[in-house]
Amino acid sequence: MTIEKSGFVAIVGRPNVGKSTLLNRIVGQKIAIMSDKAQTTRNKIQGVYTTDTTQIVFIDTPGIHKPKHRLGDYMVEAAYSALHEVEVVLFMVAADQKRGKGDDMIIERLKKLSVPVYLVINKIDKIHPNDLLEQIDDFKAQMDFAQIIPISATQGNNFETLMSELEKSMPSGPQYFPEDQITDHPEYFVVSELIREKILQLTRDEVPHSVAVVIDSMKRKPDEKVQIQATIIIERDSQKGIIIGKGGSMLKKIGTQARKDIEKLLGDKVYLELWVKVQKDWRDKQVYLTDFGYRKEDY
């Protein structure tokens, strides 16, 4: 293979419109966690898509929302900073949600960019085609988009069209990553995200987004299981009981489900050990944000 074209693409949008689902489809496996709760993605996650001639590096950003604490500030800044590093911006909206104030706020930022902005309308499998035409007209009236591409990130509808248009938009450029690499994040970051995803899925509304997962150690020995030790950080004592569950049942369930995804990711058998620790108000204290991987220099 000879890479002739390459470039960077940012995926931005309100929380919960399917940005991570799209990124996972692009790279062909799970690197971004998915949840039907808003604001799942906290760091900019880079996914790498490589064909015989083109390499595109995708940046999945945290959902842009009104911040309520320092972690929220971090997430919004991370999202906006991605817009200055790319060849194309994908502004993603959900077909089953009307345009709201959050979309308008993002559009105002996007109008100032000098790069092409594609409007990607996701979740088209959830609405009637007539409703889609109304939504296209509504967004067209707000801004002049370089392309408008309706898709379903979960079903794959129109996905090939989107990728083909992006490949055409890439300038001549070098190969940034090896052809078999799908993300620039270290393994331990993706492992911590997979554990966090299971916590969000299994505890539902009982434990809000005041959860961080820190990988304490990750050791590989030949002919042995990968040994992973991780700590789940929460903000209140009451959440500790929920995550551990009766007789440790919930923690066991989180560990079992996360281990299956981690084994798929690493291609190896895994021994996963989890602890739970209370760190009051960690989302509002810079020292903890830094300790748990949310660093200012990331944006």
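This is a predicted model: local features need pLDDT of at least 70, side-chain atom pairs count only at pLDDT 80 or more; totals for chains, interfaces and linings use all residues.

Colleague: Is asparagine 158 buried, exposed or partly exposed, and what is its relative accessible area?
Modeller: Asparagine 158 has a relative accessible area of 35%.

Colleague: Where is asparagine 158 found?
Modeller: In the loop between β6 (147-150) and α5 (159-169). Its phi is positive, about 65°, although asparagine 158 is not a glycine.

Colleague: What about asparagine 16, what is its phi near?
Modeller: Near 70°, again a positive value in a residue other than glycine. Asparagine 16 sits in the loop between β1 and α1 (19-27). With a relative accessible area of 30%, asparagine 16 is partly exposed.

Colleague: You mentioned α1 and α5. At what angle do α1 and α5 pack?
Modeller: At about 75°, with the axes of α1 and α5 12 Å apart. Roughly perpendicular covers 65 to 115 degrees, so α1 and α5 fall in that class.

Colleague: Which residues meet there, in α1 and in α5?
Modeller: From α1, Leu22, Arg25 and Ile26; from α5, Phe159, Leu162 and Met163. By class, that contact has five nonpolar residues, no polar ones and one charged one.

Colleague: Why is α1 described as largely enclosed by the rest of the structure?
Modeller: Because eight of its nine residues are buried. The buried ones in α1 are Lys19, Ser20, Thr21, Leu22, Leu23, Asn24, Ile26 and Val27. After α1 comes glycine 28, with a positive phi near 85°.

Colleague: Change of topic. How many residues has the largest nonpolar core?
Modeller: The core has 27 residues, and those with the most contacts inside it are Val89, Phe91, Leu110, Val117 and Ile121. Two or more residues come from each of β1 (5-13), β3 (54-60), β4 (88-94), α3 (101-110), β5 (117-122) and α4 (129-142).

Colleague: What is leucine 110 in contact with, leaving aside its neighbours within four places in sequence?
Modeller: Val12, Leu83, Val89, Phe91, Val117 and Met143.

Colleague: And for the protein chain, what do buried residues make up?
Modeller: They make up 53% of the 299 residues. The secondary structure comes to nine helices and nine strands. Of the contacts with a separation of 6 or more, 73% are between residues 24 or more positions apart. The chain exposes about 14,200 Å², and carbon and sulfur atoms supply 47% of that area.

Colleague: Now aspartate 223: buried or exposed?
Modeller: Exposed, with a relative accessible area of 85%, and the cut-off for exposed is over 50%. Aspartate 223 lies in the loop between β7 (212-219) and β8 (226-234).

Colleague: Last one, glutamine 257. Which helix is it in?
Modeller: Glutamine 257 is in α8, residues 249-266. At 29% relative accessibility, glutamine 257 counts as partly exposed.

Colleague: What is glutamine 257 in contact with, leaving aside its neighbours within four places?
Modeller: Lys198 and Leu202. Glutamine 257 is also 8.3 Å from isoleucine 195, C-alpha to C-alpha, and the two are 62 residues apart in sequence.

Methods
Residues are numbered from 1 along each chain as its sequence is written. Side-chain values use heavy atoms; hydrogens and water are left out. A nonpolar core is a set of buried Ala, Val, Leu, Ile, Met, Phe, Trp, Tyr and Cys residues joined through side-chain atoms within 4.5 Å. Buried means under 20% relative accessible area, exposed over 50%, partly exposed in between (1.4 Å probe, protein chains only). Helices (H or I, at least four residues) and strands (E, at least two) are DSSP runs, numbered from the N terminus. Contact means heavy atoms within 4.5 Å. Accessible areas come from the Shrake-Rupley method with a 1.4 Å probe; for residues, only the protein chains shown count as cover. Axes are lines fitted to C-alpha atoms, for helices over the stretch in contact, and angles run from 0 to 180 degrees between N-to-C directions. Angles under 35 degrees count as roughly parallel, over 145 as roughly antiparallel, 65 to 115 as roughly perpendicular and the rest as oblique. Ala, Val, Leu, Ile, Met, Phe, Trp, Tyr, Cys and Pro count as nonpolar, Asp, Glu, Lys and Arg as charged, and the others, Gly among them, as polar.
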